[in-house]
Amino acid sequence: MKSAILQTATRYLLPILLLFSFFLLLRGHYYPGGGFVGGLVASIAFVLHSFANGTENTMKILRYKPLSLIPIGLAILTVSATLPLLFGLPPMTGLWLEEPIPVIGMIGSALFFDIGVYLVVIGVVLTILFTIALND
Amino acid sequence: MLFTVLTGLITSSLLVPFGKIIKTKWSILLPVIPITLFLFFLWHVPVVANGTNVMQHLPWVPTLGVNFDFRLDGLSLLFALLITGIGTAIFFYGRSYLKGHVYFDRFFAYLLLFMSAMLGLVLANNILTLFVFWELTSISSFFLIGFNNDSKESRKSAITALSITGLGGFFLLAGLVLAGNIANTFIISELFAQHDKLVSHPLYPLIVGLVFIGAFTKSAQFPFHFWLPGAMKAPTPVSAYLHSATMVKAGIYLLARFTPVLGSTDLWNTTLMVVGGVTMVYAAIHALFRTDLKSILAYSTISALGILTFLLGVGTREAIIATSVFILVHALYKATLFMVTGIIDHETHTRDITKLSGLRNVLMPVFIAALLAALSSAGLPLSFGFIGKDLIYEATLHYEENWALWLTTLAVITNVGLVAAGFMAGIKPFTGKLPQKFEQVHLPYKSMWIPPLILAALGFIFGIFPGITGDYFNHQTANAIAGENTDMQLKIWHGFNTVLILSLATLAIGTVVYLFNKPSEAKLKAIERLNKISPERIMMSFGQGIKRFSVLYTNNIHNGYLRSYHLKIILFAELLLAYKLWLGGPIQIDYENLTPLSWYEVGIVAILIGALYIVVTTKSRLTSVVSTSVIGYCICLLFVFYSAPDLAMTQFTIDTLTTVLFVLVLYKLPPFINFVRREILIRDAIVALLFGIIISLIALRVLYEPNKTEISDFYGENVYLLAKGKNVVNTILVDFRGIDTMFETVVLAIAALGVYSLIKLRLKSSEKE
């Protein structure tokens, strides 16, 4: 499916959608959004790109196999869940910085948890879709 | 005390990456672990001998009542010393026995894992922790028994052992949790105070039954005894360790541990006496017909375990003293005999006693060890076994008038069998004339014959100076089992009385039986004809039945057709939901409370119905997929109207991606061929319509039900206080129910890996063609 309109559009849409997905991820704790939806939007961005330019080209921009995002995400999840153990708290206790960071806002272990979910979701969706798409 | 358990576990996992190093001369480091632990427990002997219990409490999952509670009392100490002490001997022995074996490192990793699990089991003061370690011993023994994994027999034995002990574990868990809930505590030392409450509870028989199944399967009591002879397929160091002091004694430990909690009732005592009695006599007689050294030892072990169960059932003060002593007696001589068997097997490559003879000429020190052990097992005066046997007879003779004679008879028969079996294993291979083919046999490494010699010598040292064990720990062991002071004193000489006469008579008859009993292949064949009605056969055919059932079940329910799964799942859901709806009575709809319809809602529903019509009638797959996604988007819009933005967003993205996925897959399928028959179409339509109707009815019913808001109120109030968030949906996902989310992501990851490997794997096999 080669379409000049779609190709031009994705050139701009990919970064915007990725930015949007990250925005969704960050605001999740206070407003609609979160790691899961963010991850899905980011995946859609790449899927759209692959539609316009071919999956091989999308794999090229990704550089690494999407499969590798899964262990990274799971590792972040595990760390953020077990980090409180170091402070003598039960696992999954929310840890928060005292002061908010400009632009991003309050930072806590929940955010890292969400980032883990975000990465796993991207990894899973892209692995499934791209493996099927590239399977001839 | 946690460190005693963790050391082994950590070293065990370290052996995975550093296995190569340990295969070299550094393997000398391995026995350091059991020695250190042994010394640690030895250091605690004086403390425990005063009657103090060493306690340790570490929270693990405090909200569920699962904690690392450890407690070292007389009973735990005896077992801990056995586990680490005999463990030390086995580590030295096994290091030489398996020298140069490909899986040398793996063997010690399993052995360390097993040792730690056993230590955890006997030290645990929390019934749930106890259960965790109980299961861990089953699992690690599975690896040890199946260590020779290229032999089919060995694998089968490992699976049998795991399924029997694992099955028992299930029952045990149920029993322990019931007991814990009734007593309202999971701490074992606190359960002692709840004895009366537990015993008078209506569920008491159930608890006892469940705990018994757990203990009997583990300790190879009749009718679950058959996994133990099978487990002899393991390398001999494993048999020596598992069957002398540890694995099989875990069941005895459990019974002893729970005697003060659940014991002293007719149900408890009678069952144990009957099961123990049957086991000890049955196995003692069986042992006499075996020709394989390890088989003889296996059956005599079962018999000894039967004696221990039986003694716990007798339950008098004397019986409990006898139990505490006999555990040690048996561990010492049985470990020795097993190690001797291992040496014989290692050097002559046979374990058949009809072929072995005269080995004393070439294996003198081994013979001394075997002889000492056999004599201790026979209960020769001055051996520790003599004291053990005396105590057993004292216990049975002083039981209630009417039964004393019967119980003593049973004990004598068993002991006669054990005397003969001990001689068969410990003396027979060494006496007689040395056949020519064994003339080249030589002594193995020192580290193989010194450990059994030490253990065998201990059997006599403790016999001559019984005060060493009696005063220091056996006394406290008996106190721990009885739950009160047993005032025990071990003496070398009890005077000239009935007990002594019985003891000497046993020895004499046993010797006669040994001299006249000539086990042979033919006799073994004859006795194996009885196997048809043996519990083993019954269990095996039960296993076969499960297999057949699963084949039937798989073919009919799990036939691999997605459409058939869908149909069954939906039909089942329809049945359940319809039944529940029917129970709830007629549905009334209050039209007054419904919000009025707006024009855009009507519009969306119209689009929805149109899309549905296309899905059902279209001849093209792509059209139907696209129409389905139109339906999905319509539902998203409805979510938006009814203020559920998170839901709408997720549904929207998921719908998009599903459509893409469908298109990708369908693109590769052949064109749409309408091969469905009319009847099937009608059936599916009915099922689908029914499902839709039922779900709509449920939705209406929900409206009619009173509005319960506790849960949403809870989240509403706590979302900012506890989770510092404002978006309830997201805080539930990442905080309140974060563990769920974590496991869901793991499931997603597994799904992705599944798709990836399925597709890649298929490619590879097609490439090969």
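# Reading a two-chain model

Q: What share of the contacts in chain B with a separation of 6 or more comes from residues 24 or more positions apart?
A: Start with the term. A contact means heavy atoms within 4.5 Å. In chain B, 78% of the contacts with a separation of 6 or more join residues 24 or more positions apart. For chain A, the corresponding figure is 68%.

Q: What kind of model is this?
A: This is a predicted model: local features need pLDDT of at least 70, side-chain atom pairs count only at pLDDT 80 or more, and totals for chains, interfaces and linings use all residues. Residues are numbered from 1 along each chain as its sequence is written, chains are lettered from A and ligands numbered from 1 in the order in which they are written, and side-chain values use heavy atoms, with hydrogens and water left out.

Q: How many helices and strands are there in chain A?
A: Helices (H or I, at least four residues) and strands (E, at least two) are DSSP runs, numbered from the N terminus. Chain A has 5 helices and 0 strands. Its pattern along the sequence is α-α-α-α-α. Chain B has 33 helices and 2 strands.

Q: What does the C-alpha trace of chain B span along its principal axes?
A: About 105 × 65 × 50 Å for chain B. The trace of chain A spans about 55 × 30 × 20 Å.

Q: What percentage of the residues in chain B is buried?
A: Buried means under 20% relative accessible area, exposed over 50%, and partly exposed in between (1.4 Å probe, protein chains only). By that rule, 51% of the 769 residues in chain B are buried. In chain A, 49% of 136 residues are buried.

Q: How much area do chain B and chain A bury between them?
A: The size of an interface is often given as the accessible area lost when the parts come together. The buried area is summed over both parts (1.4 Å probe). Here the two chains bury about 3,600 Å², with 77% of it on carbon and sulfur atoms. B:Leu657, B:Val734 and B:Tyr756 supply 16% of what chain B buries against chain A, more than any other three residues. In residue terms, 40 residues of chain B are in contact with 42 of chain A.

Q: How many salt bridges are there between chain B and chain A?
A: Side chains of opposite charge can pair when their charged atoms come close. A salt bridge needs a side-chain nitrogen of Lys or Arg within 4 Å of a carboxyl oxygen of Asp or Glu. Between these chains the count is 0. Over all chains, it comes to 8.

Q: Which residues are linked with B:Arg71 in a network of salt bridges?
A: B:Asp73 and B:Arg257. The B:Asp73 to B:Arg71 bridge has an N to O distance of 3.5 Å. Both B:Asp73 and B:Arg71 are buried.

Q: Why does B:Arg677 count as exposed?
A: Because its relative accessibility is 51%. B:Arg677 forms a salt bridge with B:Glu679, with 3.4 Å between the closest N and O atoms. Now take B:Arg737 and B:Asp740, whose bridge is 2.9 Å, N to O. B:Arg737 is partly exposed because its relative accessibility is 45%. B:Asp740 is partly exposed too, at 34%.

Q: Which side chain of opposite charge is nearest to B:Arg95?
A: Lys and Arg count as positive, Asp and Glu as negative; His and the chain ends are not counted. For B:Arg95 the nearest opposite charge is B:Asp105, 14 Å away. B:Arg95 is buried, yet has no salt bridge. B:Arg95 lies in helix H5 (residues 74-97) of chain B. Beyond four places in sequence, its contacts include B:Ser27, B:Pro31 and B:Phe104.

Q: Why does B:Thr348 count as buried?
A: Because its relative accessibility is 10%. B:Thr348 is in helix H17 (residues 317-348) of chain B. Its C-alpha atom is 8.8 Å from that of B:Lys437, 89 residues apart along the chain. Outside four places in sequence, B:Thr348 is in contact with B:Leu356, B:Leu359, B:Phe438 and B:Val441.
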